[in-house]
Amino acid sequence: MKKVLPVLTVFILIIIIVSIFLSMSSQKKMVTIQEGNHEHKPLDITLNHYQDTQCGMTIETLVHSVQAVAPDGKTWFFDDVGCFALWYKNIKFQKKATIWVYTNDTNRYIDGRKAWYNKIDKTPMGYGFGAYEKEGINMIPFDEMLLKMYRGENLTNPLIRKKLLSE
């Protein structure tokens with residue numbers, strides 16, 4: 001009996017571990033990068049199934065989402081313009097990337113370089129940059145939005161937040 005108990009315990013542990021791995025493999029896998037987008041168009045995404053490449057958050061709404069397509073057709077997904085900007089800073093194909101932002105005013109994806117950005121929108125990660133197709137008061141172009149993100153001039157900075165929200 002003393003010899004059987006350790007063998008039985010090890011056997012039961014192995015069964016439990018195998019069961020855990022099998023159950024994990026049958027769960028839905030989150031998508032952070034999708035290959036094969038050779039047309040460089042915005043892809044239809046399934047909400048709560050795609051994940052932000054930069055911060056890892058689940059994309060729960062199209063509003064404020066961004067898609068970046070590399071020249072080879074790989075597409076990255078983001079839940080917030082600010083997350084995209086942080087990722088964009090470190091890629092080697094910046095000038096060749098196709099960028100799609102979901103606009104707050106027309107509710108569709110447009111070229112991110114042609115969009116206008118509000119600095120005080122309520123966004124998933126709190127950076128505040130909401131994309132718009134039509135220019136409005138106090139909106140900034142793409143390059144200025146990137147510069148403000150790189151300088152930390154966004155709503156996650158308490159000093160900037162106080163200044164922007166009191167204007």
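Colleague: Which side chain does a polar contact of 3.4 Å join to that of Gln67?

Modeller: Keep in mind that this is a predicted model. A polar contact is a pair of N or O atoms within 3.5 Å. The side chain that Gln67 meets at 3.4 Å belongs to Tyr109.

Colleague: How far is the backbone nitrogen of Leu43 from a polar atom of the Gln67 side chain?

Modeller: Leu43 is among the residues that Gln67 touches. Here the backbone of Leu43 takes part, through its nitrogen. From that nitrogen to a polar atom of the Gln67 side chain, the distance is 2.7 Å.

Colleague: Does Gln67 count as buried or exposed?

Modeller: Buried means under 20% relative accessible area. Gln67 has 1% relative accessibility, so it counts as buried.

Colleague: What is the bridge partner of Gln67 in β3?

Modeller: Start with the strand: Gln67 sits in β2. Strand β2 pairs with β3 in the antiparallel sense, over 4 bridges. Across from Gln67, the bridge partner in β3 is Phe77.

Colleague: Which residue takes a positive phi in the hairpin of β2 and β3?

Modeller: The hairpin has 5 residues between its strands. One of its residues has a phi near 95°. That residue is Gly73.

Colleague: Which residue of β3 stands opposite Ile33?

Modeller: Look at β1, residues 33-34. Strands β1 and β3 pair in the antiparallel sense over 2 bridges. Opposite Ile33 stands Trp76.

Colleague: Which buried residues lie on the two sides of β3?

Modeller: Both faces of this strand are covered. One side holds Thr75 and Phe77.

Colleague: Why can residues three or four places apart point the same way in an α-helix?

Modeller: Count the residues in a turn. Residues three or four places apart point the same way because a turn of an α-helix has 3.6 residues.

Colleague: Which exposed residues does the face of α3 turned away from its buried side carry?

Modeller: The buried side is covered by elements including α2, β4, β6 and β8. Now turn to the face pointing away from that side. Its exposed residues are Asp143 and Arg151.

Colleague: What is the phi of Gly152, the residue that follows α3?

Modeller: Helix α3 covers residues 142-151. Gly152 comes next, and its phi is positive. The value is near 80°.

Definitions and conventions
Residues are numbered from 1 along each chain as its sequence is written. This is a predicted model: local features need pLDDT of at least 70, side-chain atom pairs count only at pLDDT 80 or more; totals for chains, interfaces and linings use all residues. Side-chain values use heavy atoms; hydrogens and water are left out. Buried means under 20% relative accessible area, exposed over 50%, partly exposed in between (1.4 Å probe, protein chains only). Contact means heavy atoms within 4.5 Å. Two strands pair if DSSP finds at least two bridges between them. A polar contact is a pair of N or O atoms within 3.5 Å; within protein, one must be able to donate a hydrogen and the other to accept it, and residues adjacent in sequence count only if both atoms are side-chain atoms.
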